[in-house]
Amino acid sequence: MVLRIEVFSVGIVVILHLLGRGEAQFDYGAALTKSLLYYEAQRSGKLPVNQRVQWRADSALHDGGDAGVDLTGGYFDAGDNVKFGFPMAFTTTLLSWSVVEYGSQLGAKNELWNALAAIRWGSDYLINAHPSPDVLYVEVGDGDSDHACWQRPEDMTTPRNSYRLDDSKPGSDAAAETAAALAAASIAFQGSDKGYASTLLSHAKQLFDFARNHRGLYQNSVPVAGKYYSSSGDEDELVWAATWLFHATNDQTYLNYIKNGSNGGVRSEFSWDDKFVGAQTLVSKLILQGKIPNDGAYWQYKNNADQFICSVAQKGNNNIKLSPGGMLWWHPWNDFQYTTAALLVLTAHADHLASAGATLQCPGGTVTPQDLISFVRWQVNYILGANPKKLSYMVGFGSNYPGQVHHRGASIVSIKRDRNPVSCQGGFSSWFNKNEPNPNVIDGAIVGGPDANDGYTDSRSNYQQTEPATVTTAPFVGVLARIA
């Protein structure tokens with residue numbers, strides 16, 4: 001294997017950058033296939049006849065019954081059995097962004113239909129969760145009671161309460177994120193199902209109006225959600241939603257909102273709680289395409305995006321930290337969610353620059369579109385096994401991957417093999433505490449990831465590192481489609 005030592009201009013960071021065979025040592029197409037299989041393992045509700053993940057079965061078939069609405073379907077959030085609408089909407093937005101940018105590449109790999117199916121499973125639920133213009137259901141289930149039990153989703157006994165927002169209990173952050181999700185999904189479906197795309201866009205417009213006219217953080221209206229996914233503000237979601245709605249409609253109203261809204265400044269991450277980088281990147285695309293001028297408020301969006309991307313690519317003034325093994329490092333809890341989201345931003349921006357014949361001017365020097373794609377490949381390779389542990393952090397990929405994934409359904413024998421109910425506490429004694437690999441391989445799940453020093457302990461109790469989440473794999477779909 002050929003190695004290049006690349007010394008970046010900032011500090012004395014030395015990176016061993018894999019080249020030649022190193023960049024091509026993984027089958028990105030196989031990883032892409034598994035990334036979409038993961039969403040079938042996370043499905044809630046009545047499973048379709050073409051369900052490929054066979055260790056799962058129907059679950060939570062009465063969700064919404066307490067409120068007289070159909071809230072079946074959608075995705076279980078992570079390793080638990082709760083449906084949290086805020087991160088589910090962000091997951092749907094990023095899956096849609098992956099298709100919007102890389103639909104042709106997904107089609108070439110025969111994965112476009114699976115990607116659209118993954119989006120639709122989320123967007124169908126979000127449509128049902130929005131039964132009238134100023135009502136949005138944002139959670140089904142209860143985090144506290146759910147986390148106190150260890151059961152398969154197919155026979156869980158925990159409460160399935162429904163929690164909603166309305167004009168007297170606002171949640172502009174969650175409503176705007178759902179608007180962004182449905183607007184992005186409408187673009188993704190425009191080429192294959194115009195009727196569905198129109199329905200999605202109609203809901204997106206209503207939800208944006210609901211968010212804009214009834215401001216307030218959603219956890220103040222639904223405190224149980226705030227225990228697990230507390231939002232730090234709504235300005236990012238509002239401008240993020242406006243940006244997707246402008247891309248979907250070309251309506252000047254949304255462009256005016258972007259121009260007069262908060263650009264967020266230079267951010268340090270892109271995540272389910274901070275969407276500014278996503279909005280900045282999409283505004284940058286409009287500038288590079290010549291659809292809006294590169295001045296004033298719009299220029300500030302692009303300048304902020306450029307600075308974030310330079311920092312991620314280790315060419316900025318305040319670079320994102322790297323582990324000794326070269327992994328981007330943000331937080332100890334599910335660090336990879338920040339990595340994969342940032343990689344989609346870098347990948348998309350690289351292609352936007354390339355289409356415009358442009359480069360990125362960073363404090364550390366000029367960065368070409370190919371430089372960004374090479375950096376992305378390097379980080380993808382780390383996740384897939386080119387790391388100090390020689391471990392694939394995508395479950396089911398390669399021959400060495402985490403066995404004790406913190407995931408209820410994967411860690412308990414399939415209900416199709418053993419229909420005896422698993423009790424709330426019995427699941428802990430019989431399955432959670434069992435020092436053996438999970439009986440079900442949850443293909444495509446990306447675990448939380450190593451610590452800042454590349455350390456990783458494969459144990460179900462180590463949930464900060466071993467629990468996967470839907471928000472982590474969603475942007476990876478687009479990244480893998482691009483480089484496969």
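I began with strand 4 and strand 5 (residues 162-165), which pair in the antiparallel sense over 4 bridges. For my own reference, helices (H or I, at least four residues) and strands (E, at least two) are DSSP runs, numbered from the N terminus, and two strands pair if DSSP finds at least two bridges between them. The model is a predicted one, in which local features need pLDDT of at least 70 and side-chain atom pairs count only at pLDDT 80 or more, while totals for chains, interfaces and linings use all residues. Residues are numbered from 1 along each chain as its sequence is written, and side-chain values use heavy atoms, with hydrogens and water left out.

Next I looked up individual positions in this pairing, and found that E139 stands opposite Y163 in strand 5. I then turned to strand 3 (residues 83-84), which pairs with strand 4 in the antiparallel sense over 2 bridges, and there K83 stands opposite V140 in strand 4.

Put together, 3 strands form an open sheet in the order 3-4-5, with antiparallel pairing. Strand 3 and strand 5 stand at the edges, each with a single partner strand, so one side of each is left without a neighbour in the sheet.

I then stepped back to the protein chain, which has 18 helices and 9 strands. Buried residues make up 63% of its 484 residues. The C-alpha atoms fill a box of roughly 60 × 55 × 40 Å, taken along the principal axes.

My last entry concerns contacts (heavy atoms within 4.5 Å): among those in the protein chain with a separation of 6 or more, 72% are accounted for by residues 24 or more positions apart.

How values were computed
Buried < 20%, exposed > 50% of the residue type's maximum accessible area, 1.4 Å probe, protein only.
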